[in-house]
Amino acid sequence: SKQKGTKYSKVEIQQMAKYLGIVAKEKGFYWIAEEALGATLPPEWQEHRTEDETLYYYSSVTKESSWEHPLDIYFRFLHRKLRRMKKYNKNGKGKETPHQAQRDRELVDVLWNMEQENKKAQIRRGGVVGGSEGTDSRSGSRTGSR
C-alpha cells in the first residue's frame, strides 16, 4: 500500500531508510529515504547489469563503478548532518521550525558541494580520493532500481 501523497509504499520507504542508516525512531527523517528512492542518476552515470543481473552503476567521467546508486552517499551525508543539527537545535540553542529545517538543508547542501569540489580538486592534482564509504554494499542493497 502506498503512503498518502507518495508513490512509494511504507515498506519501500522503511527499507530505504534502514539502508541509509535512518533508524525507526527517526521517522522525521523518512523524507530523506523517500527522496533517495526517487533520485535520478547524475548525467555522467549509467545503470548496467552483471551477467547474473546484479545492478551496478558506471561513471563515464571518472571511469568508476559502484554497486550503490551514486547519490546514496549524499543522502547518508544529508541524514548525518541534519541529525546533528537537530540535536543541536533541541538543546535549546535553536528552534526546530520548517524555516529552520529548510535553512539546515541549504547549509548541508553547501557543505556537500564544498566537499565535492575538494574531491574534484584532489583528482585534478593527481591525488587519490578515499573515503567513498560503502562502495561494495551488496549485502544491504537497495530494493529495485531507480
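The legends below describe close-up views of a predicted model.

View 1. Across the whole structure, a search finds 4 aromatic pairs. In the pair of Tyr-74 and Phe-75, the ring centres are 5.1 Å apart and the planes meet at 65 degrees, so this pair is edge-to-face; the angle qualifies because edge-to-face requires planes over 60 degrees apart. Both residues also belong to one aromatic cluster, which is formed by Tyr-74, Phe-75, Phe-77 and Trp-112. Tyr-74 has a relative accessibility of 10% and counts as buried. Phe-75 is likewise buried, with a relative accessible area of 3%. Both values meet the criterion for burial, because buried means under 20% relative accessible area.

**View 2. Charged side chains over aromatic rings.** The ring of Tyr-19 has the charged end of Arg-76 over it, at 4.9 Å from the ring centre. A second example involves Lys-86, which lies over the face of Phe-29 at 5.5 Å from the centre of that ring.

**View 3. The nonpolar core.** The largest nonpolar core contains 23 residues. Those touching the most other members are Met-16, Leu-20, Ile-22, Ile-32, Phe-75, Leu-78 and Leu-82. Two or more residues of this core are given by each of the elements α1 (10–20), α2 (30–37), α3 (72–93) and α4 (98–124). The largest share, 7 residues, comes from α3. Leu-78 touches Trp-31, Ile-32, Arg-105 and Val-108, when residues up to four places away in sequence are not counted.

View 4. Strands of a sheet pair through backbone hydrogen bonds, and the pairing may be parallel or antiparallel. Here, 3 strands form an open sheet in the order β1-β2-β3, with antiparallel pairing. Strands β1 (45–49) and β3 stand at the edges and have a single partner strand each, so one side of each is left without a neighbour in the sheet. Strand β2 (residues 55–59) is joined to β3 by 2 bridges. Tyr-58 has Ser-65 as its bridge partner in β3.

View 5. Ser-66 lies in strand β3, which spans residues 65–66. Which backbone oxygen does the side chain of Ser-66 reach? The side chain of Ser-66 reaches that of Glu-68, at 2.9 Å. With 10% relative accessibility, Ser-66 counts as buried, although β3 stands at an edge of the sheet.

Note on methods: Residues numbered from 1 in each chain as written. Predicted model: local features only at pLDDT ≥ 70, side-chain atom pairs only at ≥ 80, totals over all residues. Heavy atoms only, no water. Phe/Tyr/Trp six-rings, centres within 6.5 Å; stacked < 30°, edge-to-face > 60°. Buried < 20%, exposed > 50% of the residue type's maximum accessible area, 1.4 Å probe, protein only. Lys NZ or Arg CZ within 6 Å of the ring centre and 35° of its normal. Helix = DSSP H or I, 4+ residues; strand = E, 2+ residues; numbered from the N terminus. Polar contact = N/O pair within 3.5 Å; in protein donor to acceptor, adjacent residues only side chain to side chain. Pairing = 2+ DSSP bridges. Core = buried A, V, L, I, M, F, W, Y, C linked by side-chain atoms within 4.5 Å. Contact = heavy atoms within 4.5 Å.
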